[in-house]
Amino acid sequence: MIIITLKEGTQRMESKKTSIVIALMVSMFLAAVEGTVITTAIPTIVKELNGFQLISWVFAAYLLTSAISTPIYGKLSDLYGRKNILSIGIIIFLIGSCLCGISQSMYQLIAFRAVQGLGAGAIFTVTYTIIGDIFTLEERPKIQGWLSTVWGIASLTGPFLGGFLIENLSWNWIFFINVPFGIISIVLLQKNLIETFERKKHSIDYVGSLLFSLAIITFLLGILSGGRNNILIALMVTIVILILFYFVEKSAEEPIIPFEIFTKASTIVNGITFLAAGILIGVEVYLPIYMQNILGFGATVSGVSMAPMSMAWLLSSFILSKAIPKYGERIVIGISTLILLISCGFLSTLSIESPLISVIAYGFIMGLGFGGAFTTLTIVIQESVGHSKRGAATAANSLLRTLGQTIGVSIFGSILNTNIVKYFNDLGIKGIQPDNLYSQSTLSSGVSLHQIKLSVNSGLHEVFMAFIIIALASLALSFIFNANLKNSILE
């Protein structure tokens, strides 16, 4: 057990608490803004590094390593202190950021994004643990509310910051800009957070963590490699590893994922979360590509155009979460997934001649669906199990959300790449691949920029159609939730 102590004096204690909160908010901003900044920058990066076919891996590597490391950091913070583990996580994140900034190829960028993700896993986990250690039950809702605003601020400022840095400096600076913020966070933590703790022996679930990681990596490699045989082999190997994982977890003293948390309600809600998270990462990655590569706008414009979706998200999460006591969480989840489906339908109508205002409007509608869904789903998950299992249930839901994003971005990348190649093959043009789409050799071979734009648009259209299928599945699960769980979980 870790006991947090602050120096004598109420005023000094409050001052230190304030400094700690600032440090936590800065560290959380690092991880939150990274996702929104890079989505704005990725079209520029892939053009310069000639890696259009590897777009999905830039995000998948980060999400995968952060998901795998999240539960491990929680265990380590019990053994070695919150301050030390969080500081180490921030340092790893900053090292990954600097390496990303000096990347000379897409493969280097992907590898260094994985390093970034390892650091982000600590930020996502230990930050909220520190709040539970030093703040009373009455204080925690307010402090967690402040942390939630950090995600909103990151969503609004990230795209603009990314666009500004790209157009005035270079894409490399979207990674270097993290360094001063990370240093500030570490200094404030080390100076103000004083820990005295007794070291306890914990049975860390190394085998379970390893098997779980292998299962996800195997499945992801199968999806990205393409081809029916590769996918089937990867799927069979993944199933075998997951079976082994199940038996290991059943006998583990402190399993990384306790299976008791998967009640009937939480299983359905986790399914909706997984699917909605896949759509979310797809929108964040491919909508900026549509605005820049198809409509021809700059990084700043496309970044700012994503802001209304974030604003709608915050507005919806506030309004719909307040509506739960009156209408019930089942109705709110159903309405939110329906809004998500409608907005996905709108995205599928986008063409090379669509006005920018349409993209902004569709994004705003989509933000309403995301805000209502994710806010309500989290509340339901936390209330679907007893108090002693609430933390594990919330962590599992967060993990599934990350996995939904990881697997989703991989699948969408495969869809985009396949349809770009198919477009040129249908024209009788061979040898054009996503990795050489914007190269000088392609342009000198007689392929026009207009044809390239049409090929990307055809691929994005299929990606947006995939959004509809996933949204339909989410809506179907919400109907099952309504039909089988008639009594409100929150009552």
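## The second largest pocket

In this predicted model, the second largest pocket has a lining of 16 residues, and those that lie nearest its centre are Phe212, Ile216, Leu242, Leu400 and Leu403. The volume of the second largest pocket is about 340 Å³. Classified by residue type, its lining contains 15 nonpolar residues and 1 polar residue, with no charged residues.

Three helices, namely H8 (206–225), H9 (228–251) and H15 (390–426), each contribute at least two residues to the lining of the second largest pocket. Of the elements that line this pocket, H15 gives the most, with 5 residues.

## Phe212 in helix H8

Phe212, one of the residues nearest the centre of the second largest pocket, belongs to helix H8. With a relative accessible area of 10%, Phe212 counts as buried, because the cut-off for that class is under 20%. When residues up to four places away in sequence are not counted, Phe212 touches Phe245, Ile257, Leu399 and Leu403; Leu403 is itself among the residues nearest the centre of the second largest pocket.

## Gly404 in helix H15

Gly404 is a residue of helix H15, the helix that gives the most residues to the lining of the second largest pocket. Gly404 is buried, since its relative accessible area of 2% falls under the 20% cut-off. Leaving aside neighbours within four places in sequence, the contacts of Gly404 are with Phe274, Ala277 and Gly278.

Gly404 and Ala276 are separated by 128 residues in sequence, yet the distance between them in space is 7.7 Å, C-alpha to C-alpha. Ala276 also takes part in the contact between H10 and H13, as one of the H10 residues that meet H13.

## The packing of H10 and H13

Two packed helices are described by the angle between their axes and by the distance between the axes. For helix H10 (residues 264–294) and helix H13 (residues 329–347), the angle is about 35° and the axes are 12 Å apart. Their crossing is left-handed.

On the H10 side, the residues in this contact are Ile272, Ala276, Ile279, Val283 and Leu287, which meet Ile333, Thr337, Leu340, Cys344 and Leu347 of H13. By class, the contact of H10 with H13 comprises 9 nonpolar residues and 1 polar residue, and no charged residues.

## Enclosed cavities

The model has 2 cavities of 30 Å³ or more, and the largest cavity has a volume of about 60 Å³. Its lining consists of Phe29, Leu30, Val33, Glu34, Val37, Leu161, Ile174, Ile177, Asn178 and Phe181.

Helices H1 (10–49) and H7 (178–192) each supply at least two of the residues that line the largest cavity, with the largest share, 5 residues, coming from H1. By class, the lining of the largest cavity has 8 nonpolar residues, 1 polar residue and 1 charged residue.

## The chain as a whole

The secondary structure of the protein chain comprises 17 helices and 2 strands. The chain has 491 residues, of which 53% count as buried, and both Phe212 and Gly404 are buried residues. Among contacts in the protein chain between residues at least 6 apart in sequence, 82% join residues that are at least 24 apart.

Definitions and conventions
Residues are numbered from 1 along each chain as its sequence is written. This is a predicted model: local features need pLDDT of at least 70, side-chain atom pairs count only at pLDDT 80 or more; totals for chains, interfaces and linings use all residues. Side-chain values use heavy atoms; hydrogens and water are left out. On a 1 Å grid over the protein atoms alone, a cavity is a set of points where a 1.4 Å probe fits but cannot get out, and a pocket is an open set with protein on both sides within 12 Å along at least five of seven lines; lining residues have an atom within 4 Å of a point. Grid points are joined across faces, edges and corners, and a volume is the space filled by probe spheres set on the points. Helices (H or I, at least four residues) and strands (E, at least two) are DSSP runs, numbered from the N terminus. Ala, Val, Leu, Ile, Met, Phe, Trp, Tyr, Cys and Pro count as nonpolar, Asp, Glu, Lys and Arg as charged, and the others, Gly among them, as polar. Axes are lines fitted to C-alpha atoms, for helices over the stretch in contact, and angles run from 0 to 180 degrees between N-to-C directions. A crossing is left-handed if the near helix is turned anticlockwise from the far one by less than a right angle, and right-handed if clockwise. Contact means heavy atoms within 4.5 Å. Buried means under 20% relative accessible area, exposed over 50%, partly exposed in between (1.4 Å probe, protein chains only).
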